Amino acid sequence: MKLQSKPLSSISILLLVLMTSAVVFSQKGTSIVTRIKFPRGRTTTVERDSVHRGMSHDYLLKASAGQTMTVHLAARGGVCFDLYTPRLTDSLAQCSKDWSGELPRSGDYRINVLPDTTTERSIPYTLEVTVR
């Protein structure tokens, strides 16, 4: 017995695309991107906000190779941050509350604040960033 394949209808293709898009969207969630600019003469800035499952906050800041960066995250519950170099493929910290070190290259660093994936409630946090 030979099986014949039937071409997919336009509706079938559309449904397949929509289902795939929904899965990708739910896996990635929503990210709010904020550029950090230090006030003139200051080396420290403080950001306060809150996150919940399906949401993260990305903070971008320009820094130079050889500078020292310190990042501290204060939050109750399951909130942590990842820290990426300007290449985004190099991670300096993963799910941390504190990190300090010399920066390897110049450019935009990304601090990604994200909640534990099991939490349903909104979790407030304070992020303190120092670059010298």
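This report walks through the salt bridges of a predicted model.

## Ground rules

In this predicted model, local features need pLDDT of at least 70 and side-chain atom pairs count only at pLDDT 80 or more, while totals for chains, interfaces and linings use all residues. Residues are numbered from 1 along each chain as its sequence is written, and side-chain values use heavy atoms, with hydrogens and water left out.

## The count and a network

Searching the whole structure turns up 5 salt bridges (a side-chain nitrogen of Lys or Arg within 4 Å of a carboxyl oxygen of Asp or Glu). One of them joins Asp108 to Arg35, with 2.8 Å between the closest N and O atoms. Strands are DSSP runs of E, at least two residues long, numbered from the N terminus.

Asp108 is partly exposed at 26% relative accessible area, and Arg35 is partly exposed at 38%. (Buried means under 20%, exposed over 50%, and partly exposed in between, with a 1.4 Å probe and protein chains only.) Lys62 joins Arg35 and Asp108 in a network of salt bridges.

## From β8 to β3

Arg110 and Asp58 also meet in a salt bridge, at 3.4 Å from N to O. Arg110 lies in strand β8 and Asp58 in strand β3 (residues 55–63), so the pair ties together parts 52 residues apart in sequence. Asp58 is buried, at 8% relative accessible area.

## A link between loops

Asp90 pairs with Arg105, their closest N and O atoms 3.2 Å apart. Asp90 sits in the loop between β5 (79–84) and β6 (91–96), and Arg105 in the loop between β7 (98–102) and β8, 15 residues apart. Asp90 is partly exposed at 27%, and Arg105 is partly exposed at 22%.

Definitions and conventions
Helices (H or I, at least four residues) and strands (E, at least two) are DSSP runs, numbered from the N terminus.
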